[in-house]
Structures are given as C-alpha cells and as structure tokens.
Amino acid sequence: MPIPAAPHSAIVADTLHTADTTGTRLPASQPEVFVPQYIGGFERSTPLKESDPLKDLQETIIAIPEGFSAERMPDTPTNNSLLVSIVVVVFLLFAFTFKKGTKFLGEIFNSVLNVKDRQNLFDDTTVRETQLRAVLLGMTCVSEGFCLFQLLASTRPDLSISIGVGVCCGSLIAWVYYTLQKWLYRGLGLVFSDTAHTRKWVESFISINAIISIPIAVPVLLSIFVPQWGKVMLVVAGVIYLASRILFIYKGFKIFYRNILDLFYFIIYFCALEITPLFWVYKSSVLIYQFVELKIQQL
C-alpha cells in the first residue's frame, strides 16, 4: 500500500542551479539558506493609526454605520388619528340619523327663507328630527372648528399644537360662540321686539347654522384628504360662512324692519353683534390655543 506524502514535504533544491536571494549562484554542494524578507512584519495596507492587528482588521473589513437624528413625521390631517376619528364618528351619526330626513331638511330650508307668521318649526318635531338637528349643528361646529384652527395655523407659525387637539378646541370654541349668540339674540329680541318676532329670529339662526353643515363640510373634507387644496378650501368655507351670515342678517332685517328708525338700530346691531365678536373670537382663540399648548407641554 503506497504511503501518502507528508503535507509539508520540503521541496528539493536544484543542486545544479541554486541561487541565493541576492542572485549569486551557489555551488551545487552548498545547501540553500532561507533569508527572511519581512523581519518587521507585513506592511500596513490601510492608513489607520492603530497598531492592534485584530482591531485594524475589524475596522478595515466591518463598516459600522453611524446613527442620525430622526425627523418627526409631519402632522397632517390625513395621518392624525384623532381628527380622522372625529370625521368618522360625525359621518356615522349623520348616516344613522338621516333616515327619512330629506323632508325635515326641506322644512329647515323653507324656514330660512320664509318670514311669514307661522307655527314654530321645532314645536312638533319628532325625536329623530331632533337628533338630526343636533347632529347637523355638531357638524357645523366641527367644520367651523377645523377652519378656525387652520386659519390660526396659517397666520401663526409658532403654534405647535397637534391638529386633532386643535380641531377639538376649535369645535368647542365654535359651540360656545353659537350658544352665546343664540341666547344673546333671544334676549335682544325680547328687549326690542315681541315674543313672536324673537322666536322667528332665533329659529332662523338655528336653521341657518344647521343647514350650512352640509355645504361647509364639503370643503372641509377636501381640505383633510387633499391637503394641497387646503388654502383654497379654507377660502371656500369662509365664503359659505359669510353667505350664511348675510342670509341671517337679511332674515333679521325682514323680520324687524318697520320704519327708518329701525334701520339705525339695525346698524348698531350689525356692528355690535356681527363684526366685533369675530375679532374677539379670533383673539380669544389664540389665547386658548396657547393655554392648551402650555398645558400639553407640562404633561
């Protein structure tokens, strides 16, 4: 059986043509001498300054990435869960209460344009119609709250409150403003007119705020789900709100105007209750948002 060769068998030097490392030919009888070439070790192939071979090898082969500061995801209406939840809840409430509500919406619209003496629209309404009116008023407050927050966010870049919380605060401000206006109109009508005319005036105010919930919700939804249209839709919503106020002023003028002296009272009312409160709402909204923002930062 043949014996395998050793793994490290020496190579027999050529006895006829043997040369040392310097190129001088050696006699055939003289054995070959190994002369080391790298006494100080292999030269470094990398410009690293460390002298630890193991560490140099690791740093040469393995590239360890450095971390970077993460950027916060921008707060937009589409990725804010609270705002989307509010929209879904309002839509579901409207869908569940709108069953056979077309007739009631027609009556509301007729009450806005009609100034003749008649029975109060809300005296004989059913429970479902009352629920629908409440949902419509809630939709109006949410839409106005969204527009109010968008207006403040565009005019005050230092406002860092989230969109969901901002819309909730804006909706609360719109509801308080609506409630104060309703009771103020009721008291003002009882002071300067009789109960019948005051009832029609307040009824018109409620009807207009309920009926504009549907047209003003369209630009609000487009502003939420198509953010690049936000500024244009904000202007459209403002035009719808302005049209509703003009319609309410016209309705009040038709109800209360009797002679030229009533025109003087009407001008005072217009300046005191239709223009000045809007500035107060804007200023108070800024303070409320700053207060809420401060409380959130302290949590």
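Predicted model: local features only at pLDDT ≥ 70, side-chain atom pairs only at ≥ 80, totals over all residues.
**Figure 1. A tilted aromatic pair, tyrosine 185 and phenylalanine 248.** The count of aromatic pairs comes to 7. One of them joins tyrosine 185 and phenylalanine 248, with 5.1 Å from centre to centre and 40° between the planes, and this pair is tilted. Tyrosine 185 sits in helix 5 (residues 163-192) and phenylalanine 248 in helix 8 (residues 230-256), so the pair connects parts of the chain that are 63 residues apart in sequence. Tyrosine 185 has a relative accessibility of 1% and therefore counts as buried. Phenylalanine 248 is buried as well, at a relative accessible area of 0%.

**Figure 2. A stacked aromatic pair, tryptophan 201 and phenylalanine 248.** Phenylalanine 248 also pairs with tryptophan 201: the ring centres are 5.8 Å apart and the planes stand at 5°, so this pair is stacked. Planes under 30 degrees apart count as stacked. The pair links distant parts of the chain, with tryptophan 201 in helix 6 (residues 195-211) and phenylalanine 248 in helix 8, 47 residues apart. Tryptophan 201 has a relative accessible area of 5%, so this residue is buried.

**Figure 3. An aromatic cluster.** Tyr178, Tyr185, Trp201, Phe205 and Phe248 form one aromatic cluster. Among its members, Tyr185 is buried at 1% relative accessibility, Trp201 is buried at 5% and Phe248 is buried at 0%.

**Figure 4. A charged side chain over an aromatic ring.** Arginine 186 lies over the face of tryptophan 183. The distance to the ring centre is 5.0 Å.

**Figure 5. Helix 7 and its buried residues.** Helix 7 spans residues 213-225 and has 13 residues. From its first C-alpha to its last, helix 7 reaches 18 Å, close to the 18 Å expected at 1.5 Å a residue. The buried residues in helix 7 are Ser213, Ile216, Ala217, Pro219, Val220, Ser223 and Ile224.

**Figure 6. The surroundings of serine 213.** Serine 213 is located in helix 7. At a relative accessibility of 0%, serine 213 counts as buried, because buried means under 20% relative accessible area. Leaving aside residues up to four places away in sequence, serine 213 touches Leu136, Met139 and Thr140.

**Figure 7. The whole chain, as context for the close-up views.** The protein chain contains 9 helices and 2 strands. Read from the N terminus on, its elements follow the order β-β-α-α-α-α-α-α-α-α-α. Of the 299 residues in the protein chain, 33% are buried. Among contacts between residues at least 6 apart in sequence, 72% join residues at least 24 apart. The accessible surface of the protein chain comes to about 20400 Å², and 68% of this surface belongs to carbon and sulfur atoms.

Notes:
Residues numbered from 1 in each chain as written. Heavy atoms only, no water. Phe/Tyr/Trp six-rings, centres within 6.5 Å; stacked < 30°, edge-to-face > 60°. Helix = DSSP H or I, 4+ residues; strand = E, 2+ residues; numbered from the N terminus. Buried < 20%, exposed > 50% of the residue type's maximum accessible area, 1.4 Å probe, protein only. Lys NZ or Arg CZ within 6 Å of the ring centre and 35° of its normal. Expected span 1.5 Å × (residues − 1). Contact = heavy atoms within 4.5 Å. Areas by Shrake-Rupley, 256 points an atom, 1.4 Å probe, with all protein chains shown as cover.
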